[in-house]
There are 2 protein chains.
Amino acid sequence: MKATLIHGPGDIRLEDVPDPTLVQDTDAVVRVVAACVCGSDLWPYRGENPVHEPRRIGHEFVGVVEEAGAGVRSLKAGDFVIAPFMYSDNTCPNCEAGIQSACVAGGFWGDEDRDGRPLDGGQGELVRVPQADGTLVSLRDQPDEEHVPSLLALSDVMGTGWHAAVVSGVLEGDTVVVVGDGAVGLCGVLAATRLGAERVIAMSRHESRQQVARSFGATDVVATRGEEGEHDVLELTAGVGADAVLECVGTGQAMQTALAVARPGATVGYVGAPHGVELPVRQMFNRNVGVAGGLAPARQYLPALRDDVLSGAINPGAVFDLDLPLADVAEGYRAMDERRAIKTLLRP
Amino acid sequence: MKATLIHGPGDIRLEDVPDPTLVQDTDAVVRVVAACVCGSDLWPYRGENPVHEPRRIGHEFVGVVEEAGAGVRSLKAGDFVIAPFMYSDNTCPNCEAGIQSACVAGGFWGDEDRDGRPLDGGQGELVRVPQADGTLVSLRDQPDEEHVPSLLALSDVMGTGWHAAVVSGVLEGDTVVVVGDGAVGLCGVLAATRLGAERVIAMSRHESRQQVARSFGATDVVATRGEEGEHDVLELTAGVGADAVLECVGTGQAMQTALAVARPGATVGYVGAPHGVELPVRQMFNRNVGVAGGLAPARQYLPALRDDVLSGAINPGAVFDLDLPLADVAEGYRAMDERRAIKTLLRP
């Protein structure tokens, strides 16, 4: 089969690799219908995370079960499935507490599995899925083509934006600020809207992203950043700050802004992997501003968000503004790296 | 009147000072029935916070209204009142959001008021109370003598322990760890119990404090600290960690322990003023462990906790193990500094 490997910074290649087969009887093999490129894939692409040797990449995909192991109970060949960006058994204490991203038997696509065997990445034609019952969420029927991008978005960006909104404690009627206008931030706007926020202030400098934010329910857009951005948000909230803040970037500046625009007693839900973030504990203490979040348990939210997509309540697939054949995966990375695209969808 | 001043490290004196009078028509003057010494009073006493000149000290008191300004609507002379450890108007947006400790018109006892006039401390015979309607919570009748220590505890330590439990999200049936066996930590145990925790693990090395913790509902006591303590708590929780953790110390080691014993997805509620605390954001992110809390809005919780004291549901006054006349305030500090007493009650 064909699969994507990253060889080093800026070096993305689609190559021939062995077809995966079932290894454990709890595995399934899934034929990928659609995959995509994540903002976090750009960390190694930009050399900000090291790449020591060529390796598989991609962690978001939807597809059809090609073969299920004898121990797989909830899935059969032909089922359309959504994969979250990590695999998990969904039965360990951390999974039962809803944090499947801390599953004691789980891990990342493209890494080694718990027995040291290599795992496929999501940007390929086929994927061996460990813990298939715990990992995959199926649809009763094959989805309409129009729903595929939104179902794919649940793999990561929508589940992650949703997590930010949930842990920041968004309640009906709230004023919410979303820091970050990448796909996750935009999905955070959609999540806050879906959770009943009355006012959603999106911080975004890019026209095309502002448009998606507004289509996702943003009532206000603040295009400034840093201290000026903080000032502008505080002005919009009568000097008080927001009831909940979603930090969807992961940089020190984004976190600083998020903490500054949270009203006393509010929580910053953060889901961007922290790069250079320091938490000013004394300032947080004095203002009673908390932080919650982390690596999103996308699996927890999949069943409900799947139903929301199928009912038309949410359309997170609108974050995909570039749709390419898998053969053009390298261009998909380039377009996102150069900010020509918000998010690239790939079709094997 | 007599009031307590701190002149420098280890130098506590009861001195003659002018009687307070009404300044604003929203003020009240309260005759103190009982006051106490706080763990945070020991920071300047030990020289860990600087004392630049002699100043009033003490921020916890209950008493009887001596005189109320013309603009005070909810109180009259003779009312028995509880003062939280900060004054607040209870009407600003932060107060309305339940964070009276961030009141835009509030502040600390012993400081200057918003107009630059000096304020009394709590460890004296009389206190001028700004924003009396917003600050003080009254009782319908005079309390029984046996309830006075518990009502006094609501000024700070019980409101603060309660805040830790609330922001850490303690739910019925939870396993909760309380780090710190000072009066706040012990009140945190009581709060977690009252909120329905099934298992409350108190981390305490001191026999007398362990006894109070058990009387407040601690089901387990862990006497070890640091990595050994973390190990022992994890062993008690089947390696998973606690559903909620209360950090009631404010040191780096206490926070490290608190974060380590929280299960993925849990929140550390922290209420000890941070001294040397660093928040390891990457570790928190990977484990989805959040932090919430800060300077407790004791005022928010006063009405409900007052009713709980009067009904006998809680008895936080058990943290007082030394009861002295105000004249012996210096000994009250020494006893706490030398850990001969958990908390000193003072009677003018």
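Into which domains is chain A divided? Hi everyone, let's start there: chain A splits into domain 1 (2-156 + 297-347) and domain 2 (157-293), with bounds that come from an automatic or database domain assignment.

A quick word on the ground rules. This is a predicted model, where local features need pLDDT of at least 70, side-chain atom pairs count only at pLDDT 80 or more, and totals for chains, interfaces and linings use all residues. Residues are numbered from 1 along each chain as its sequence is written, chains are lettered from A and ligands numbered from 1 in the order in which they are written, and side-chain values use heavy atoms, without hydrogens and water.

Now, the two domains. Their centres, taken over C-alpha atoms, are 26 Å apart. In contact (heavy atoms within 4.5 Å) are 22 residues of domain 1 and 17 residues of domain 2 of chain A. One salt bridge is counted between these domains, meaning a side-chain nitrogen of Lys or Arg within 4 Å of a carboxyl oxygen of Asp or Glu.

Next, the two chains. Chain A and chain B each bring 31 residues to their contact. Together they bury about 2500 Å², 66% of it on carbon and sulfur atoms; buried area is the accessible area (1.4 Å probe) that two parts lose on being put together, summed over both. On the chain A side, Val281(A), Phe285(A) and Asn288(A) lose the most area to chain B, together 26% of what that side buries.
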